[in-house]
Amino acid sequence: MAVVSADNRGLRLGARYAVLVLVAVIFVFPLLFMAMSSLKPDQQLLSDTDSLRAFLPVGDISLNNYFAAFERAPIGVFVFNSVLVTGITVILALFVCSLAAFAFVFLDWSGRGFIFSVLLATLIIPYESIFIPLLLMASQLPWIGTGGFEIGWLNTYRVQIIPFVADGLSIFLFVQYFKDLPRELIEASRVEGASWWFVYRKVVLPLSGPVIATAAILKFLFMYNQYLWPLMVVQAEEIRPVMVGLGYFTDQLNVPWGEVMAYLTIITVPVLAFYLSLQRAFIASVASTGVKG
Amino acid sequence: MASKLTRSNRAGWLMALPGTTLIAAFIILPFFLAFAFSLTNQRLASPNPTEYVGLENYRELLGLAFFTLEPERDDAGVVVRDKDGDIKYPRLRKFTRNNPDFPALQGKREWFSWQSGDNRQVVLASDVVFMKALVNTFTFVFVVAPVQAGLALALALLINQKLKGISLFRAIYFMPVVVSIVVVSLLWQFIYSPGDGLLNNILSGITFGLFEPRDWLGNPSTALGSIMAMSIWQGVGFHMVIWLSGLQTISPTLYEAAEIEGASKRQAFRYVTWPGLRNTAVLILIVITMQAFALFAQIDVMTQGGPLDSTQVLVFQAVERGYGKQDISGGSTISVLLFLIVLGISLLQRWLTRERT
């Protein structure tokens with residue numbers, strides 16, 4: 001009797017794992033195919049699709065697609081631009097949004113309630129529904145730069161950065177987190193005569209590691225993966241980000257699939273590696289968007 | 001005491017100022033500009049001054065008319081048929097082009113029609129492509145939202161088991177979420193290749209050759225469905241994680257109690273799990289709906305709205321006008337409609353799922 005039930009349990013456990021693995025295969029196979037295909041010449045890449053060879057590093061394996069891709073497009077420039085735009089936006093966003101949230105949670109000022117409810121209301125506005133008027137704004141906004149006064153933000157770094165520094169969700173995440181911090185700590189520092197800036201810098205920020213990670217990860221994913229906005233406002237090659245740079249490969253009469261796979265691998269694998277090394281933080285950050293209901 | 005310590009108008013405003021100014025300038029202002037531009041003929045760059053045109057843009061997009069085409073009859077009043085026996089109708093053009101008797105049909109084109117007796121019932125639209133985009137977007141949302149939410153819940157339940165190595169599977173299921181939708185679209189465009197494409201080969205391999213290869217993206221009847229499947233593949237991990245955090249807020253003592261009462265697994269789900277997920281369910285539906293309505297990159301990369309406008313969607317149309325044709329007012333009008341639809345559906349979802357007392 002006992003032996004049979006143990007067998008049963010083993011069988012059931014095996015079935016559970018079989019389901020888990022099967023689902024995992026569905027999620028992994030396109031990415032595996034991408035990475036493996038990037039190592040194969042076009043001819044073999046296409047013919048391998050009729051067998052499991054499509055997912056294996058077999059046959060004529062080389063890095064030739066990568067060399068060819070670098071020849072075809074200034075990939076280094078695209079990657080630099082994406083890293084620069086994403087990095088600056090994330091840093092500015094963390095500062096600006098945490099500072100605003102600090103004011104909303106810990107300070108008492110007239111207009112606070114009203115402004116916060118307006119901020120919450122903006123959560124329902126999809127970016128896609130404001131990009132067209134924003135495009136016109138970007139074409140006419142003034143700027144004072146190294147060249148003096150100028151009109152127009154198109155084809156600049158700033159048009160890719162500044163509109164995305166502050167957003168309702170980031171501020172909201174900080175507000176939720178700050179609310180749970182012990183208020184006595186802040187009040188005690190104030191009693192001792194600390195300035196608000198000091199309380200923000202030296203008391204609250206050092207306690208905010210988790211929410212900073214959450215906000216940074218969400219902003220990073222949003223910025224690095226942006227497509228529609230840079231497509232509209234960035235024509236110049238020197239400031240183009242990686243997603244728009246794809247056009248170099250797909251706007252061909254005969255799409256060089258091997259090179260495409262190499263390019264996709266180049267722009268995806270660092271993000272995947274980043275994700276896998278900080279997996280818990282990534283998943284926690286998405287889960288925390290769930291508190292807003 | 002506390003109020004004196006926290007009361008500070010100057011510091012409060014100063015600290016909130018950068019964030020609120022940026023949001024006011026780059027989210028709230030363009031939001032209202034969209035409404036304003038939709039009432040004008042604003043272009044991205046034009047030598048002519050911008051004029052107020054009232055609701056003209058909305059009329060051009062949403063104008064509909066219904067018309068009954070009567071068959072041609074000969075002198076005896078008998079219906080004329082062509083040599084195949086099909087009924088002959090007058091050309092629709094006769095009514096829609098400069099016909100003073102039918103001002104409501106002026107400039108409109110046939111959207112769809114059906115037969116009723118000898119007559120042909122025709123629905124005409126001012127902008128047929130926009131109408132198709134509207135229908136496709138709604139189709140996309142109404143299929144993707146429930147299917148993706150359901151699959152995400154199934155995955156969350158699957159991953160919520162206490163098994164060795166389960167966190168590895170969770171990490172894998174979530175992986176496509178961090179990959180750009182542009183990358184995913186291009187990858188799947190290749191997977192969906194006609195003939196000897198990867199998906200065709202996989203499917204015919206699994207069915208031992210029974211499966212007929214098809215042109216997934218090139219065929220109007222499968223193109224939108226293929227994009228839906230891919231979008232679900234990419235996004236489902238996101239909502240799985242939100243379900244999962246909802247699942248983990250349910251107290252284990254409730255399950256123990258259910259077990260003591262002798263509840264089956266199904267009953268435990270029905271009476272413990274599901275009621276505990278209520279708020280999560282509302283949130284997930286609203287989030288998926290908002291994301292689904294914003295569908296753009298997939299279309300832009302994979303089909304450009306084709307074949308035969310079968311994958312035209314709202315944001316793609318807004319961009320094609322506002323950016324492609326530099327028609328800011330037309331693009332803004334679609335943006336406003338998009339926002340109103342998203343708002344309406346979110347409110348409706350909230351109302352439908354409200355707590356009933």
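At what angle do helix α5 (residues 128–159) of chain B and helix α9 (residues 223–247) of chain B pack, and how far apart are their axes? The first view gives the answer. This is a predicted model, in which local features need pLDDT of at least 70, side-chain atom pairs count only at pLDDT 80 or more, and totals for chains, interfaces and linings use all residues. Residues are numbered from 1 along each chain as its sequence is written, while chains are lettered from A and ligands numbered from 1 in the order in which they are written.

**View 1. Helices α5(B) and α9(B) pack against each other.** Their angle is about 45 degrees, and their axes are 6 Å apart. Axes are lines fitted to C-alpha atoms, for helices over the stretch in contact, and angles run from 0 to 180 degrees between N-to-C directions. Helices (H or I, at least four residues) and strands (E, at least two) are DSSP runs, numbered from the N terminus. The angle makes α5(B) oblique to α9(B). Angles under 35 degrees count as roughly parallel, over 145 as roughly antiparallel, 65 to 115 as roughly perpendicular and the rest as oblique. The contact of α5(B) with α9(B) holds 19 nonpolar, 6 polar and no charged residues. Here Ala, Val, Leu, Ile, Met, Phe, Trp, Tyr, Cys and Pro count as nonpolar, Asp, Glu, Lys and Arg as charged, and the others, Gly among them, as polar.

**View 2. Helix α15 (residues 257–277) of chain A packs with helix α7 (residues 181–191) of chain B.** The angle is about 150 degrees, with the axes 11 Å apart. α15(A) is therefore roughly antiparallel to α7(B). From α15(A), Trp257(A), Val260(A), Leu264(A), Ile267(A) and Thr268(A) take part. They meet Val183(B), Leu186(B), Leu187(B) and Phe190(B) in α7(B). Residues are in contact if their C-beta atoms, placed from the backbone, lie within 7 Å. By class, 8 residues of this contact are nonpolar, 1 is polar and none is charged.

**View 3. Chain A and chain B meet.** Chain B gives 82 residues to the contact and chain A gives 78. On the side of chain B, helix α2 (residues 9–37) supplies the largest share, 19 residues. That side has 58 nonpolar, 21 polar and 3 charged residues.

**View 4. Three strands of chain B form an open sheet.** Their order is β1-β3-β2, with antiparallel pairing. Strands pair if DSSP finds at least two bridges between them. β1 (64–69) and β2 (109–116) of chain B stand at the edges with a single partner strand each, so one side of each lacks a neighbour in the sheet. The twist averages 20 degrees from one strand to the next. Between β1(B) and β3 (residues 119–125) of chain B there are 6 bridges. Ala65(B) has Leu124(B) in β3(B) as its bridge partner.

**View 5. β1(A) and β2(A) form a hairpin.** There are 2 residues between the strands. β1 (residues 142–145) and β2 (residues 148–151) of chain A pair in the antiparallel sense over 4 bridges. Ile144(A) stands opposite Phe149(A) in β2(A).

**View 6. Chain A has domain 1 (1–62) and domain 2 (74–292).** Domain bounds come from an automatic or database domain assignment. The C-alpha centres of these domains of chain A lie 36 Å apart. In their contact, 8 residues of domain 1 face 7 residues of domain 2. α1(A) gives the largest share of the domain 1 side, 3 residues.

Definitions and conventions: Contact = placed C-beta atoms within 7 Å.
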